[in-house]
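These are my notebook entries on a structure that I had not examined before. I record what I looked up, entry by entry.

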Amino acid sequence: MIFEHLLDVVGTQSFFTLATLVQLTNDSRHNILSQLHRWCSTGKLIPLRRGMYAVAKKYRQKEVRLPEVANAMYVPSYLSCVWALGYFGLIPEKVVVYTSITRRKTRIFENSLSVFQYRHVKQEAFFGYQAMEIEGVKIMIAGPEKSMLDVWYLDSGLWDKHRMEEMRFQNIELIDQQKLMSYSVRFNSPRILSAVKTWLAVYKEI
């Protein structure tokens, strides 16, 4: 396969997988993999994770949208935690590490585009997400309430008044208090219930 043929096959996609190429071409898996490694070494392709690639900016026909990459790189997963809090404007920082929630084991992938972190939760805590249009594509992302709860659940220790204030929450009118309370009960965790009560006490104007 020549590089121009690769572009004909996957050039309109933001990213692609080795498995896709095997299905769409007549080349063997071994030959395709060798070519992919060569194109990565020459800068024509960007390795995202094992078996997953994006075409370098110079050659791509479609923009690579990192939230979409985050969803596809480790399935099932949804964006959440401080990345989602930053996206919704609930904290002042715009977070560059894409943090997602998964039922699978915790993983982290680093490539030239960004850092993609996947944090494990138990089955009962894998909820509260939805498809939203972000950068022109449908992305699975936790709602504002679940994003906060995922942070409190995954970051160990007591979420006391000082720690809550350090998060510098803003735009708190976006939070549905009833949803926050009902979601927190589903975690079956006294620590989460305590965190919710502390947050409500700190931000009484809700």
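This is a predicted model: local features need pLDDT of at least 70, side-chain atom pairs count only at pLDDT 80 or more; totals for chains, interfaces and linings use all residues.

Entry 1, terms. I take helices (H or I, at least four residues) and strands (E, at least two) as DSSP runs, numbered from the N terminus. Residues are numbered from 1 along each chain as its sequence is written, and side-chain values use heavy atoms, with hydrogens and water left out.

I looked up glutamate 135 in the loop that joins strand 8 (129-134) to strand 9 (137-142). Glutamate 135 is not a glycine, yet its phi is positive, about 55°.

I then turned to arginine 168, in the loop between helix 7 (161-166) and helix 8 (177-186). Arginine 168 also has a positive phi of about 55° without being a glycine. Its relative accessible area is 46%, so arginine 168 is partly exposed.

I noted a cis peptide bond from valine 75 to proline 76, with omega near 0°. Proline 76 sits in the loop between helix 4 (66-73) and strand 4 (77-79).

The buried ones are Cys81, Trp83, Ala84, Leu85, Gly86 and Phe88. They pack (contact means heavy atoms within 4.5 Å) against helix 4, strand 4, strand 5 (97-102), strand 8, strand 9 and helix 6. After helix 5 comes glycine 89, with a positive phi near 80°.

I used axes that are lines fitted to C-alpha atoms, for helices over the stretch in contact, with angles from 0 to 180 degrees between N-to-C directions. The axes of helix 8 and helix 9 (residues 190-202) come within 9 Å and cross at roughly 160°. Helix 8 is therefore roughly antiparallel to helix 9 (under 35 degrees is roughly parallel, over 145 roughly antiparallel, 65 to 115 roughly perpendicular, and the rest oblique). In this contact, Gln177, Leu180, Met181, Ser184 and Val185 of helix 8 meet Ile192, Leu193, Val196, Trp199 and Leu200 of helix 9.

The axes of helix 6 (residues 144-154) and helix 9 cross at roughly 125° and come within 10 Å. The two helices are therefore oblique to each other. Helix 6 brings Met148, Leu149, Trp152, Tyr153 and Leu154 against Arg191, Ile192, Ala195, Val196 and Trp199 of helix 9.

I counted as a nonpolar core a set of buried Ala, Val, Leu, Ile, Met, Phe, Trp, Tyr and Cys residues joined through side-chain atoms within 4.5 Å. Which residues have the most contacts inside the largest nonpolar core? They are Trp152, Phe169, Leu180 and Trp199, in a core of 54 residues. Another core, of 16 residues, lies apart from it and includes Phe3, Ile32, Cys40 and Val55. Not counting residues up to four places away in sequence, phenylalanine 169 touches Leu85, Leu90, Ile91, Met148, Trp152, Met164, Trp199 and Tyr203.

Definitions and conventions. Buried means under 20% relative accessible area, exposed over 50%, partly exposed in between (1.4 Å probe, protein chains only).
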